[in-house]
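Me: I'd like to learn how to read a ligand site and a set of strands in a model. Could you walk me through one?

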Amino acid sequence: MTLLLPALTARAAEPTVYPISNMFDPLSKPALMIHESSIVVSLICLVIFLLVTGMIAYVVVKFPSKGASDDRQEPPQIYGSSQIELAWTVIPILITVVLILVTTRTIGEIQDKKMPENAVRVTIIGHQWWWEIHYMKPDGKGGWITDFVTANELHIPLSPKDKPRPTALTLESADVIHSYWVPQLNGKTDVIPNHQNHMWFEPWATGTFLGNCAEYCGTQHANMLIRVMVQKPDEFEKWLADQRAAPRTPLDAIALQGRQVFFGNSCVSCHKIAGTVAVGLFGPDLTHLMARTAIGSGVAPIGQASLRDWVRNPAHLKPGVLMPDMQLSEAQVDQVVAYLMTLK
Ligand code: HEC
Ligand SMILES: [Cu+2]
């Protein structure tokens with residue numbers, strides 16, 4: 001994380017980074033609703049706490065023991081007093097009912113949200129230890145199909161309060177249970193194999209929001225970081241258009257050799273590059289690799305040095321990673337990295 005922050009903040013075009021997941025500073029609709037109901041619940045609990053501790057303190061101060069000389073008698077025994085027993089049964093039940101109503105109302109409002117036509121639809125698939133991200137488009141028959149695929153970094157539009165544009169996420173897992181959590185945008189939602197969960201964001205601040213996988217999912221769980229880039233509408237549309245287009249950077253001699261290494265090795269059976277024969281789905285889509293800010297789901301900022309390190313042996317940056325050491329020669333590593341750097 002510390003490794004990544006300077007790289008993120010140094011990017012001139014990149015607006016504010018929210019590195020600390022401050023749950024007291026919600027910047028998106030569901031996060032605010034959760035925040036408000038947690039304040040109500042905390043206040044009720046605070047009142048109870050003050051009442052109980054206040055009464056204990058009062059009794060302790062008012063009636064201290066006088067030691068051996070204490071000739072006061074035992075207080076009156078009230079075992080079986082229905083008035084008192086009713087009071088300490090009914091009042092807590094009423095308080096609990098209020099707490100249940102406050103929280104179920106919020107849960108209902110969040111879960112029953114009707115997505116408007118203009119909502120951005122995204123399907124996120126958790127993998128050990130990275131996130132596959134599909135941007136969806138209508139299939140013309142009332143369903144949704146993949147428009148394009150990317151990984152780890154979710155770009156979503158700003159959702160001004162007067163002109164909201166929510167992003168609707170469908171969460172799936174390719175292997176074990178993960179959990180998608182960006183505290184300033186929404187609460188956490190489990191990502192479960194053979195099951196779909198849903199969540200949504202309506203952020204009113206641009207910037208990069210950091211989050212984590214919040215369910216232990218194996219060795220590199222801690223390096224399964226989440227970045228959500230909230231962008232102004234025009235920037236978001238530009239990003240969408242760039243992602244849909246094929247990479248256009250012309251290849252120089254070394255990048256051409258690198259392309260040969262890439263397609264001559266099994267890279268193609270795990271990675272996809274749109275418009276080529278590389279259609280592997282086991283690893284992240286590399287079509288627009290260089291449009292991301294980090295590699296390995298946040299283990300290192302993206303750049304020539306980190307890509308070299310990764311391609312030479314990914315377990316150096318991410319021990320236990322599911323991409324094998326490809327045993328390339330130093331020259332081949334340079335060539336492949338030159339090719340990867342054209343994937344903008
Ligand atoms: C057995 C499957 C497999 C093979 C073969 C493979 N990779 Fe990977 N690769 C992965 C997986 C899985 C990840 C994601 C690891 C993670 O972040 O935990 C990955 C991640 C990457 C990334 C980082 C992508 C990102 O956005 O974070 C790059 C770059 C990469 N691979 C390049 C290559 C190259 C080049 C080759 C061939 C020399 C190759 N890979 C071969 C499975 C594979
Ligand atoms: Cu995980």
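Predicted model: local features only at pLDDT ≥ 70, side-chain atom pairs only at ≥ 80, totals over all residues.

Me: How many residues surround ligand 1, and which are the closest?

Reply: For a shell, we list the residues whose C-beta atom lies within 6 Å of the molecule. Here 31 residues surround ligand 1, and the closest are Trp130, Cys267, Cys270, Gly283 and Met323.

Me: How do the residues of that shell divide into nonpolar, polar and charged?

Reply: The shell around ligand 1 has 21 nonpolar residues, 8 polar ones and 2 charged ones.

Me: Which helices each supply at least two residues of the shell?

Reply: Helix H6 (267–270), helix H7 (304–312) and helix H8 (330–340) do. The largest share, 3 residues, comes from H7.

Me: Now the strands. What is the strand order in the open sheet of 5 strands?

Reply: The order is E4-E3-E2-E6-E9, and the pairing is mixed. At the edges stand strand E4 (144–151) and strand E9 (197–201); each has a single partner strand, so one side of each is left without a neighbour in the sheet. From one strand to the next, the twist averages 30°.

Me: In which sense do E2 and E3 run, and how many bridges join them?

Reply: Strand E2 (residues 120–127) and strand E3 (residues 130–138) run antiparallel, joined by 6 bridges. As an example of facing residues, His127 stands opposite Trp130 in E3.

Me: Which strands does E10 pair with, and is E10 mostly covered or uncovered?

Reply: Strand E10 (residues 207–213) is mostly covered, with 6 of its 7 residues buried. Strand E1 (residues 17–18) runs parallel to E10 over 2 bridges, and Val17 stands opposite Thr208 there. Strand E7 (residues 178–181) pairs with E10 in the antiparallel sense, also over 2 bridges, with Trp181 opposite Asn212. E11 is joined to E10 by 6 bridges and runs antiparallel to it; the bridge partner of Thr208 in E11 is Met229.

Me: What joins E11 to E5?

Reply: 5 bridges join E5 to strand E11 (residues 225–231), and the two run parallel. Leu154 has Val228 as its bridge partner in E11. Strand E5 (residues 153–157) is mostly covered too, with 4 of its 5 residues buried.

Key
Residues numbered from 1 in each chain as written. Chains lettered and ligands numbered in written order. Nonpolar A, V, L, I, M, F, W, Y, C, P; charged D, E, K, R; others polar. Pairing = 2+ DSSP bridges. Axes fitted to C-alpha atoms, helices over the stretch in contact; angles between N-to-C directions. Buried ≥ 20, exposed ≤ 12 C-beta atoms within 10 Å, placed from the backbone.
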